[in-house]
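Welcome! If you are meeting this structure for the first time, take a moment to look it over before reading on.

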2 protein chains.
Amino acid sequence: MKNLHDLVIGPPLPTQRIAEERLGRVRALAALSPDALASIAYANQEIYLGLAAAGAAGLAYAWPIALAIAGLLGLVALSYTQVISAYPGGGGSYTVARENLGVNAGLIAAAALTTNYVLNVAVSVTAGVEAAASAFPALWPYRTTIALGLLAAITLANLRGLREAGAVMSGPVLAFIATYLILIAAGLIRAGVEGAAPRPVPPISAGLVAPALLLRTFAAGCTSLTGIESISNGVPVFKPPEIRHANQVMIAMAALMGILFLGTVGLTEALGVTAGPEETILSALARRVFGRGPGPEAAYLFVQGVTLLVLVVAANTSFVGFPRLASVVARDGYMPRQLTLLGDRLVFSNSILLLAGVAGALVAAFGGDTHALIPLFAVGAFLAFTLSQAGMVVHWWRAREGAWLPKAALNGVGLLATGAALLVIGYTKFLEGAWVVILLIPLLVVGFRRINGHYRATAAQLTLHNKARIPTVRPLDRPRVVLPISGVHRGVIAALRYARSISDHVTVVYVEIEPGRGEHVREEWKAWGLDEVASLVVVPSPYRSIIGPFLDFLDASDRAHNDGQLATVLLPEFIPARWWESLLHNQTAWLLKLALLYRRRRLGRTRAIIDVPYYLRK
Amino acid sequence: MKNLHDLVIGPPLPTQRIAEERLGRVRALAALSPDALASIAYANQEIYLGLAAAGAAGLAYAWPIALAIAGLLGLVALSYTQVISAYPGGGGSYTVARENLGVNAGLIAAAALTTNYVLNVAVSVTAGVEAAASAFPALWPYRTTIALGLLAAITLANLRGLREAGAVMSGPVLAFIATYLILIAAGLIRAGVEGAAPRPVPPISAGLVAPALLLRTFAAGCTSLTGIESISNGVPVFKPPEIRHANQVMIAMAALMGILFLGTVGLTEALGVTAGPEETILSALARRVFGRGPGPEAAYLFVQGVTLLVLVVAANTSFVGFPRLASVVARDGYMPRQLTLLGDRLVFSNSILLLAGVAGALVAAFGGDTHALIPLFAVGAFLAFTLSQAGMVVHWWRAREGAWLPKAALNGVGLLATGAALLVIGYTKFLEGAWVVILLIPLLVVGFRRINGHYRATAAQLTLHNKARIPTVRPLDRPRVVLPISGVHRGVIAALRYARSISDHVTVVYVEIEPGRGEHVREEWKAWGLDEVASLVVVPSPYRSIIGPFLDFLDASDRAHNDGQLATVLLPEFIPARWWESLLHNQTAWLLKLALLYRRRRLGRTRAIIDVPYYLRK
């Protein structure tokens, strides 16, 4: 088992190596940006699907919408460079909102980011599979299965640890950037040679294409901005100087996003590309740019392969970002404490498994269809953007030092832009699925608060600091021991010996389910001379339950002795040699323990439970 | 919780009432025969589907095949009356084969019957839903869901107890018998009025319809015999005199089966009925017999409703039969011991839940399609028939008293007939699914034997009877106690007090995951004056695991003391006020217990584990 674990997950690393697990700029770009970069795959697709509903006249709006989104992208990216400088500790929207707008705003941001991380995994993986299935339509019916397989592979890579995962990931990201830059260049050449397609002029009459359709398409296209916050959340991952490196990577990434997004949308329009129902628009664009023949066909397949890979890597950004968010929120006591734990490989194993599980469930529930998942996606991202921008405005206002005004103004403009986009998205996509997220976020916030309430209550009950004096550690009297048995056998002898070593008052109890068995057990007890060691009590059980009558006996015994303590229960347990053999025995000891611990609570009084195992050799 | 349990399952019954839970003849017929009676629903369907592949010429063979099956039915029924007389204790094929042919034959019969009980549930429920969906084609896509819902309802009825379930069930069975007798009568009248359909004469040239097709159809039609053994298995359910009552019910049931089966097959052929792809042949027959109009339509719907109900009740026969088989086999030590336990309501709750779970999985896996399940079905039934007949032949031969020869001859003929049918079924249906059961039965037998091996080995290791002298119950020395803590809090104080009450040698251990925390805990320990009560040891854990370093400490401590005992581990556990709050804490205590009990086995030595719970009030 240990060897298998080491082979698949890698050997554990000691705590001191955490500081070494930092990334250089190129690796950080590869680890944190693919989500943002790869979103052109589904954002393009959504713009195309949204406008194609209105025919050729609709498609003419692709370029203006793309320009609007690219403008928003630039604004958000600039705003986030200011977040990086102000909050080099990472934590992103949650930290910014919490510090400047209060705990509730922080929790809303945390909830929004959580939905967002999960959906990024689901959407990226399914979009990647759709890219592959565009090239090989035979794969189309198996999209869900393939997507779940990819998800499992990504999860494993992340359980092995951040740095190695980063190494695996940087190749595809750089190849993706290069490939799409070449694709765009080739497309521009083709457009120049062929002359642009007769580009339909957007009709002046707004009646032709409904504004609602344009807004909806804009909202869907905004998914291209998702992931842009990963860098500001991940500042501590950078090698020092963290802030400068993070800012450089932020700007490089935004520039690349703009080029890839505008380039592909523009070429799609210029070349008059359209796609069938089982093909993505990016796939159709690549086919169109490269043309026909064996060479072009190979180039096309390469583009699809790289797209698939980069989307897989994009899903990975959530596996870097979510565990960091969860550990920050859990340290503040709003998520389960287990999420703060470093796993064997210095990564947050619990969060990784949680993220993979929920994303996998979403992929399965939505049948691996990206288009169905998209309406759930953008809400969380833009809610987090908006809260972060609002927090930054307050941040600059509170400090009011140096050139604070232009900085506050920039974040203010960002606040207005992302807030407006959020309203558009929430409104136009509400019925298509945004309602799920809009409903889920307050539920998550309530959940966070309840978790925090529990931790506070627990700490208050467990602390010694509110005690006026030093606690008494006067030992209790020696315990009375009650020993339930299922028959007379060696395990009982071992338990009896232990019981006698800690107590002079041992009572053995047999619960009689089959009438007459009790007499038999009593005779055996005598025959072995055990009645000289401890007295045997037979408790009849007409309703064939063991636990109820035993608990009743215990209560009666405690009442009868009235010595201020609860009798200790000693359970003789025999442990089979192989785990599956446990299934062949009635798990009475285990059920009894559960009943003693949970069903009959005795506030302020201690009923100890002792397991005395007896090991079977075979 | 208790009230909910009582409302749904009913209050528990004391053991003394077992003897009262017996059934009169009509109720026993209702409880034990519906499987056999209702099988006309799917057997007819299989004959029709099998022959329709060969067109009208094929359908002409329905009547001869039905006659052959009815002959087999009579033979098997007569053979089973002899089983009832010879084995009034019930247990059926398993008991007969085990006593006369040896343990292995008995286990093969038990395995065959087990597959058979499970498949009867799956086939009956899906066939019932198909009857309903024939009347309301809108239900067709939801067959799986509806079937699972019905299965859940049947399971609940059985968990409430046999007699009440019997009362609920007898109505539909009697209504089914009456309705189909009326249907057959009405059909005969219609055939008389209209004159029989031009009945195609079976072509003399065998080349027209392949013998393989006829054999396959015969094999599929043999599913109408499944369930006939329920009565001989269930003799103890009858009110005394059990044997006479059971024999009477057996003969009545066989006669009814013959009439219903031959009547429906004959009418289908005489009236030239055919069915579409989303309708059963019995549904088409009922439509044809009653004709068109509001009155006939109501009659038709009534027939379909009764068919659905009786198939639901048929599934129920497995819930009567399987728990009885399982308890007999489990008492012999070949199935898990839990299956011998009577549940709260005097029924075998564990077996009922097991049966429902496996059948439900089958229904879901086969998408609620009866026709896909049928090839798995008949093999088990006919294997059990054959073994039972063979056992009876040996039984008469061994006794050789009275008129044993004719009895042996009857069972011998039964043996030949059922054995031949078994070969036909196994051969013709092998690829369609019979291989699953043919593979499963030996695996089950191996499983039964391994279970038995484990129970024998356990008993041999636990018994005191192979000890030469009376066991020593000399008490052990007072234990050393090791107390792992996660910090200094009230739960620790309670645990420390208990530890001091049973031992003078208490060591407190803190496993340090975060460098520096250990020093902090040590200072607190001193500040509260606890160092005067017990010494604190801080164990560093560079790999952030709590359990490994603690276990290593324990081993080192045991070696250092070298006093012939293993230190007792005392776990302070705080129990949250609500169950879900347990999820918010690291379940370290629980994992530690598992590791101590299972991972580090110390054969022949006792390491006791003590839980000292501390209850949170909120």
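What follows is a short tour of confidence and strand pairing.

This is a predicted model, so a word on confidence comes first. For the complex, the predictor gives an ipTM of 0.73 and a pTM of 0.72. In chain A the pLDDT averages 84, and 89% of the residues score at least 70. Looking at the elements of chain A, the highest mean pLDDT, 94, belongs to strand 1 of chain A (residues 481–485), while the lowest, 52, belongs to helix 1 of chain A (residues 2–9).

Now let us turn to chain B. Is strand 4 of chain B (residues 568–575) mostly covered or uncovered? Mostly covered: six of its eight residues are buried. Strand 4 of chain B pairs with strand 1 of chain B (residues 481–485) and is joined to strand 5 of chain B (residues 609–615). The table sets out these two pairings.

| Partner of strand 4 of chain B | Sense | Bridges |
|---|---|---|
| Strand 1 of chain B | parallel | two bridges |
| Strand 5 of chain B | parallel | seven bridges |

B:Val569 in strand 4 of chain B stands opposite B:Val482. Towards strand 5 of chain B, B:Leu571 has B:Asp611 as its bridge partner.

Methods: Residues numbered from 1 in each chain as written. Chains lettered and ligands numbered in written order. Predicted model: local features only at pLDDT ≥ 70, side-chain atom pairs only at ≥ 80, totals over all residues. pLDDT = per-residue confidence, 0-100. Helix = DSSP H or I, 4+ residues; strand = E, 2+ residues; numbered from the N terminus. Buried ≥ 20, exposed ≤ 12 C-beta atoms within 10 Å, placed from the backbone. Pairing = 2+ DSSP bridges.
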